[in-house]
Amino acid sequence: MHLEEFAYGSSLIHKLDPRIKIAVFIIFSFLCLLTSSFNVLFFYNLFSIILLFLAKVSFRSLLKRFCLINFFNLLLWISLILGDIFTAFYEGEAIYFKQDTLHLALIITLKSNALFLGALGLISTTPLPALTHALIHLKVPSKLVIVFFLSYRYFSILHEEYDKLMLGVKAKGFNPQSNFNTYKTFAYLLAMLLLKSFRKAEDLYRGMLARGFKDTYPLLHHFRVQFVDYLFALFALAFLLTVYLCK
């Protein structure tokens, strides 16, 4: 899964000002984290789904990420339920599921899905250069933006290198199994990825110096807020605040 798979497109969401999208997502995140109402979280998940629909995101790519985040939610449910079972067994009580535990697990699941899908709809639909420029415009410290930019870009490069290595071993007939040969092959892959990461880091550093990098992030493009940006922010914030206050 490429890190910027949803960043480029011609939908309404893609054309919005990145500063507006970041501001709306920050407010959405705070409201989502502050509430514990099932009704509010249901509408917040619906809001995130509408954003993805407007962004015309590929369903197959979205499904992969949705399954990944909910795999961790499944582990959360299992750990909380097993915790109740072991506690009841240790105290000699009848084994049952506590309502508070199930309520907590459901709230966490709804919140994580709302925030995850909202981030895909608002943040992932923005190219990295535009996202970093927007952070600078929003007065985020330049050094933090540089660290974020380099980390994001470097993870993308490592992901591409890993795909190339995996393609190479699969072309040679590698079939992952639960045996010593598979573990040894993955160990070699990680070692090669580590060596390539050092080389890539040196190449990136030399390239930045050759381009006159001075520990600052230059602003080459200044955004202009359009009427549609104000309209989107107005409707989005009105919906989020109305749902939150009417819980």
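1. Aromatic pairs. A search of the whole predicted model returns 6 aromatic pairs. One of them joins F28 and Y44: the ring centres lie 5.4 Å apart and the planes meet at 65°, so this pair is edge-to-face. The cut-off for that class is over 60 degrees.

2. Where F28 and Y44 sit. F28 belongs to helix α2 (residues 18–34) and Y44 to helix α3 (residues 38–55). They are 16 residues apart, and the pair links distant parts of the chain. Both F28 and Y44 are buried.

3. F42 and F43. These rings also form a pair, with centres 5.4 Å apart and planes at 75°, so the geometry is edge-to-face. How accessible are the two residues, F42 and F43? F42 has a relative accessible area of 51% and is therefore exposed; the threshold is over 50%. F43 has 35% relative accessibility, so it counts as partly exposed.

4. Ring cluster. Which residues do ring pairs link into a cluster? The members are F25, F28, Y44, F47 and F239.

5. Packing of α2 on α5. The axes of α2 and helix α5 (residues 99–122) come within 10 Å and cross at roughly 180°. The two helices are therefore roughly antiparallel. From α2, the contact involves K21, V24, F25, F28, S29, C32 and L33. By class, the contact has 9 nonpolar, 2 polar and 2 charged residues.

6. F25 and F28 belong to the ring cluster.

Note on methods: Residues are numbered from 1 along each chain as its sequence is written. This is a predicted model: local features need pLDDT of at least 70, side-chain atom pairs count only at pLDDT 80 or more; totals for chains, interfaces and linings use all residues. Side-chain values use heavy atoms; hydrogens and water are left out. Rings of Phe, Tyr and Trp (its six-membered ring) pair if their centres lie within 6.5 Å; planes under 30 degrees apart count as stacked, over 60 as edge-to-face and the rest as tilted. Helices (H or I, at least four residues) and strands (E, at least two) are DSSP runs, numbered from the N terminus. Buried means under 20% relative accessible area, exposed over 50%, partly exposed in between (1.4 Å probe, protein chains only). Axes are lines fitted to C-alpha atoms, for helices over the stretch in contact, and angles run from 0 to 180 degrees between N-to-C directions. Angles under 35 degrees count as roughly parallel, over 145 as roughly antiparallel, 65 to 115 as roughly perpendicular and the rest as oblique. Contact means heavy atoms within 4.5 Å. Ala, Val, Leu, Ile, Met, Phe, Trp, Tyr, Cys and Pro count as nonpolar, Asp, Glu, Lys and Arg as charged, and the others, Gly among them, as polar.
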